Amino acid sequence: TKRFLTKGALLPSQRRYLTAVDDVSFEIRQGEVFGLVGESGSGKSTVARMIATLYNIDAGRIVFDGQDVSSLRGPKELAPYRRQIQMIFQDPFSSLNPRMKVADIIGEPARHHGLYEGAELRARVDELLEKVGLGSAAGMKFPHEFSGGQRQRISIARALATKPGHMLLDEPF
């Protein structure tokens, strides 16, 4: 369950909450592809963001490989889980730092998790750029230099950088 505080409440007694997701339950087995389908505004993106631990849950729990992820606190406890769960957002442009070159954007998750550095990191980034059809030269450009579809491929490459076990795709493409 996830609730958001609505605007305009000055006093605690005036607070109102919007329940975005309520009592959602499902299980995804290893190797399965799972689609969460619903109307616009039904909470699909909120569920994905809770699974990715970008939103804290208000009630319930998220269990991954037998571990209650919702009980983990702080970056160090969450790091192994976050390495295994990567998300590709609906709007690639808003999820890409406009001040960073594409190679740095793609390499950042792998560098953050200590998977690669130096020449090995550069080789991994080049490999991913080739894999998504952009070519290694694309790494020296900035996100604004690409079309929407190309930016989506940059997001895919970034998500693949840590070799995750599971990917959350916030919009079918």
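Trainee: Is phenylalanine 34 buried, partly exposed or exposed?

Mentor: Buried means under 20% relative accessible area, exposed over 50%, and partly exposed in between, with a 1.4 Å probe and protein chains only. Phenylalanine 34 is partly exposed, at 38%. A word on the source: this is a predicted model, where local features need pLDDT of at least 70 and side-chain atom pairs count only at pLDDT 80 or more, while totals for chains, interfaces and linings use all residues. Residues are numbered from 1 along each chain as its sequence is written, and side-chain values use heavy atoms, leaving out hydrogens and water.

Trainee: How many aromatic pairs does the structure hold?

Mentor: Rings of Phe, Tyr and Trp (its six-membered ring) pair if their centres lie within 6.5 Å; planes under 30 degrees apart are stacked, over 60 edge-to-face, and the rest tilted. The structure holds three such pairs. One of them is edge-to-face: phenylalanine 4 with tyrosine 55, 5.3 Å centre to centre and 75 degrees between the planes. Phenylalanine 26 and phenylalanine 34 form a stacked pair, at 4.6 Å and 20 degrees. Phenylalanine 26 is partly exposed, with 31% relative accessibility.

Trainee: Which ring does the charged end of lysine 2 sit over?

Mentor: The criterion is NZ of Lys or CZ of Arg within 6 Å of the ring centre and within 35 degrees of the ring normal. Lysine 2 has its charged end over the ring of phenylalanine 4, 5.2 Å from the centre. Arginine 3 lies over the face of tyrosine 17, at 4.1 Å from the ring centre.
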